[in-house]
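Here is a quick walk through a model, written for someone who likes cut-offs spelled out. Have the viewer open while you read.

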Amino acid sequence: MDERKQHIVMAAAEVFTRYGFKKASMQDIADAAMMSRAALYLHFRNKDDLFRSLMQWHHGEALKAAEAALASEKSFLVRLEAALMDFTMVLFGPVRASTYGQELFEANMALAADTMAATSTRLRSLMENAVTEAVSTGEISLSATGLSAATLTDLLYVCLDGIKKAPNGLDKLNGRLSALMRLLGAATCI
């Protein structure tokens, strides 16, 4: 995304967070981006197109956060916990902070389901690669669990999804992820 489009997308993020998707107008976004509405339409066809671009950027940032955490030199469980925490907070933190969070989540589901699916696939791949590498370097062992790296990754992903959706999911994310990592450590320690 070029610098101008990114500036517009960042302005749109503020407007959507403040007004919600339904109430936000292209004029509101143009004002926040300090440009005319006509100039805004040179970059985006409509509000849906702009929101999709915002979601694509936002999902990309969440994946970058997870990749950075997994690339650190820390232990596998610390890296994995940080990756899941960072990914979730980058992705859902702004929605959580908005009084229009549910509306923004629904707009995301309606307008960017393909982006969400691609993000899910990429996160699962990052996690599975991290598990596979930890097994191959001897940092963890899956023999006591009887699970493959793919099965463990699926289980971890489903647990993360459940943690997010549980009551006070994001508020209790850190504690619940820590507990999940302790369980994983106990099951996979060598």
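## A question to start

Which residues does Val 131 touch, not counting residues up to four places away in sequence? Val 131 touches Phe 76, Ile 140, Leu 142, Ala 149, Leu 152 and Thr 153, where a contact means heavy atoms within 4.5 Å.

Before going on, some ground rules: this is a predicted model, with local features needing pLDDT of at least 70 and side-chain atom pairs counting only at pLDDT 80 or more, while totals for chains, interfaces and linings use all residues. Residues are numbered from 1 along each chain as its sequence is written, and side-chain values use heavy atoms, with hydrogens and water left out.

## The overall layout

The chain has nine helices and zero strands, so read along the sequence you get α-α-α-α-α-α-α-α-α, with helices (H or I, at least four residues) and strands (E, at least two) taken as DSSP runs and numbered from the N terminus. Along its principal axes, the C-alpha trace spans about 60 × 35 × 25 Å. Of the contacts between residues at least 6 apart in sequence, 67% join residues at least 24 apart.

## Surface and charge

Of the 190 residues in the chain, 42% are buried. That word means under 20% relative accessible area, with exposed being over 50% and partly exposed in between (1.4 Å probe, protein chains only). The accessible surface comes to about 9,800 Å², and carbon and sulfur atoms own 56% of it; the areas come from the Shrake-Rupley method with a 1.4 Å probe, and for residues only the protein chains shown count as cover.

On the charge side, there are 20 positive and 21 negative side chains, and the centres of the two sets lie 5 Å apart. Lys and Arg count as positive and Asp and Glu as negative, leaving out His and the chain ends. Each charge is placed at NZ of Lys, CZ of Arg, CG of Asp or CD of Glu.

## The largest pocket

Rolling a probe the size of a water molecule over the atoms shows where empty space is left. The largest pocket has a volume of about 540 Å³. Its lining is made of 21 residues, with Phe 92, Phe 105, Asp 161, Lys 164 and Lys 165 lying nearest its centre. The elements giving two or more residues to that lining are α5 (76-97), α6 (101-111), α7 (113-136) and α8 (149-165).

Grid points are joined across faces, edges and corners, and the volume is the space filled by probe spheres set on the points.

Val 131 counts as buried because its relative accessibility is 1%. Its C-alpha atom is separated by 8.1 Å from that of Leu 152, 21 residues apart along the chain.

Leu 84 sits in helix α5 and counts as buried, at 0% relative accessibility. Leaving aside neighbours within four places in sequence, Leu 84 is in contact with Met 127, Leu 160, Leu 177 and Met 181. Phe 44 lies in the loop between α3 and α4, yet at 2% relative accessibility Phe 44 is buried too. Among the residues that Phe 44 touches are Lys 5, Ile 8, Val 9 and Met 26.

## Two loop residues

Met 34 lies in the loop between α2 (26-32) and α3 (37-43), and at 71% relative accessibility Met 34 counts as exposed. Phi of Met 34 is near 55°, a positive value in a residue other than glycine. Most residues other than glycine have a negative phi.

Ser 75 has its place in the loop between α4 (47-70) and α5. Ser 75 counts as partly exposed because its relative accessibility is 35%.

Terms used:
On a 1 Å grid over the protein atoms alone, a cavity is a set of points where a 1.4 Å probe fits but cannot get out, and a pocket is an open set with protein on both sides within 12 Å along at least five of seven lines; lining residues have an atom within 4 Å of a point.
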